[in-house]
Amino acid sequence: MKALITGITGQDGSYLADLLLAKGYKVFGMVRRSSTETFERIAHIRDKVTLVQADLLDSTSLVHMLRDVGPDEVYNLAAQSFVPTSWSQPVLTGEFTGIGALRVLEAVREVCPKARFYQASSSEMYGKVREVPQTELTPFHPRSPYAVAKTFGHYITVNYRESYDLFAVSGILFNHESPRRGREFVTRKITDGVARIKLGLATELRLGTLDAQRDWGFAGDYVKAMWAMLQQDQPEDYVIATGRTHSVKEFLEIAFDHASLHWQDYVVQDPQFMRPAEVDQLVGDATKAREKLGWEPEVSFENLVRMMVDADIELLQNQR
Ligand code: NDP
Ligand code: GDR
C-alpha cells in the first residue's frame, strides 16, 4: 500500500508516517520548497519515507505529485494551522487551509479517483458552540478565519464524496498535543516554558487567557483514528476527542507541579496573546468513533502534560 501525506513535516504528519511505516506502507510525504529544511520531526525516519516537492497553492504541482506517486491513500494534513495567524493573514489562511483542500481533492479526482482521501477537519468549526458535547451532527459556528477555512475544507470534502463518489472522509479532531507540537501552541509553549524556567534559562512565561478550556488528547492516539477511517467499508465523518475538557490553568498546574514549581510565581498574563474572538466550551463526543472504529484515546491528560514536560527538559539538557 502507498500513502501520501501532505503536511508530513508537521506534528500529525510525523506521527502518521511512523504509524503507516509500522503497518508496512510505502510512505510519501509532500514538502514545500524552503530555503532551509524543516524536517526536524521526521529526521528519525528520513531514510524510510520518500519526499516529493509540491505546494497547496500550486494545482499543477499536486497533479504531478499524484501522477508520480499513484497513492492508495491520501492524507491532507497540510494547512496554516495556527489560529492567531489566521487573523493577521486571513487570505493566506483561506488559500492554504480552505482552497488548498479543494486543490488536493480536484487533483485526486483527476489523477487517482480510486484513492481514499482524508481531510484534517477541526473542532474549531464548532466555535460558538450550539451544544455540549459536540457530535458529527452539531451545527458549525466558526469564530476565526482559520475555522471558516476549515469549515470550507470540511464541506468540500463532503461535497466531493457526494458528487463524485470519492472515498473522501473528514475527521473532526479536537486538540491533540505531543512533544512534537509547535512551540507557539499553548500546551507546548507551557511545557517549553517550564523546562526553560527549571533549567534557569527563563524567569517568566507570558500567556493570554488562562480560563480557556480545551478537550486535549495525545497526537499519537489521534493519527490511529485517521488511518482507521480510511479502512471502513463506507466513507463517513467522525469526531475524535477524549470527551474531557481542561482549562489552561489546569494544564499550568500539572506542568509546573511536575517540575516542582508553582505556576503563580512565573506566569504573566499578556494582552498580546488574547484573541479577538474565543471559542466556547469545546468538548467532543467520540461515541461514533468508539463504536464503528473501535477507537479509544490511550494517553490521559495528566500523562500527556508530564510526557511533554519531561521531553522538553530532556531536549534542552541535550542542547547544553
Ligand atoms: P502543523 O502546523 O504542525 O503542520 C502543518 C503542516 O502543513 C506542515 O507540514 C507544513 O509544512 C504544511 N504546510 C503548510 N502550508 C503548506 C503549503 N502551502 N504547502 C505544503 N505544505 C504546507 O499542524 P498539525 O500537524 O498540528 O495539524 C495537522 C492538520 O490537522 C492541520 O491541517 C491542522 O489544521 C489540523 N488539525 C490539527 C489539530 C491539532 O490539535 N493538532 C486539531 C484539528 C485539526 P512546513 O513544515 O513547510 O511549514
Ligand atoms: P487552538 O490552540 O487555538 O485551540 O488551535 P492553541 O494552543 O493555540 O490555543 C488554545 C487556547 O489557549 C489559549 N491561550 C493561548 N494560546 C496560545 N497559542 N498562546 C498563548 O500564549 C495562550 N494563552 C492562552 C488560547 O486563547 C486558546 O483558547 C489548535 C490548532 O492545532 C488548530 O490547528 C486546531 O484546529 C485546533 O487546535 C483544534
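User: Start with ligand 1. Which residues come nearest to ligand 1?
Analyst: Keep in mind that this is a predicted model. Ligand 1 has 25 residues around it, and Thr9, Asp12, Arg32, Ser81 and Tyr146 come nearest.

User: What is 3.0 Å from a nitrogen atom of ligand 1?
Analyst: An N or O atom in the side chain of Asp55. The oxygen contacts go to backbone instead. A polar backbone atom of Leu77 lies 2.9 Å from an oxygen atom of ligand 1. For His176, a polar backbone atom is likewise 2.9 Å from an oxygen atom of the ligand.

User: How much of ligand 1 does the protein bury?
Analyst: Taken alone, ligand 1 exposes 910 Å², and the protein buries 89% of that.

User: Which element gives the most to that shell?
Analyst: β5, with three residues. At least two residues each come from α1 (11–22), β5 and α5 (145–164).

User: And how do the shell residues of ligand 1 divide by class?
Analyst: Ten are nonpolar, ten polar and five charged.

User: OK, β5 came up. How many bridges pair β5 with β4?
Analyst: Four, and the two strands run parallel. β5 covers residues 116–122. Within that pairing, Gln119 of β5 stands opposite Asn76.

User: What about strand β1 and β4: parallel or antiparallel?
Analyst: Parallel, again with four bridges. β1 spans residues 2–6. Thr6 has Asn76 in β4 as its bridge partner.

User: Are the side chains of β4 buried or exposed?
Analyst: Buried, on both faces. Glu73 and Tyr75 sit on one side, Val74 and Asn76 on the other.

User: Switching to ligand 2. Which residues come nearest there?
Analyst: Ser81, Ser122, Tyr146, Arg275 and Glu278, out of 22 around ligand 2.

User: Which side chains sit 2.8 Å or 2.7 Å from an oxygen atom of ligand 2?
Analyst: An N or O atom in the side chain of Arg214 is at 2.8 Å. For the side chain of Arg275, the distance is 2.7 Å. On the backbone side, an N or O atom of Gly208 lies 2.8 Å from a nitrogen atom of ligand 2.

User: How much of ligand 2 is buried?
Analyst: The protein buries 95% of the 710 Å² that ligand 2 exposes when taken alone.

User: Which domains supply the shell around ligand 2?
Analyst: Domain 1 (2–176 + 216–240) and domain 2 (182–215 + 245–282 + 300–319) each give at least three residues. By class, that shell has nine nonpolar, six polar and seven charged residues.

Technical notes
Residues numbered from 1 in each chain as written. Chains lettered and ligands numbered in written order. Predicted model: local features only at pLDDT ≥ 70, side-chain atom pairs only at ≥ 80, totals over all residues. Heavy atoms only, no water. Near = heavy atom within 4 Å. Polar contact = N/O pair within 3.5 Å; in protein donor to acceptor, adjacent residues only side chain to side chain. Areas by Shrake-Rupley, 256 points an atom, 1.4 Å probe, with all protein chains shown as cover. Nonpolar A, V, L, I, M, F, W, Y, C, P; charged D, E, K, R; others polar. Domains from an automatic or database assignment. Buried < 20%, exposed > 50% of the residue type's maximum accessible area, 1.4 Å probe, protein only. Pairing = 2+ DSSP bridges.
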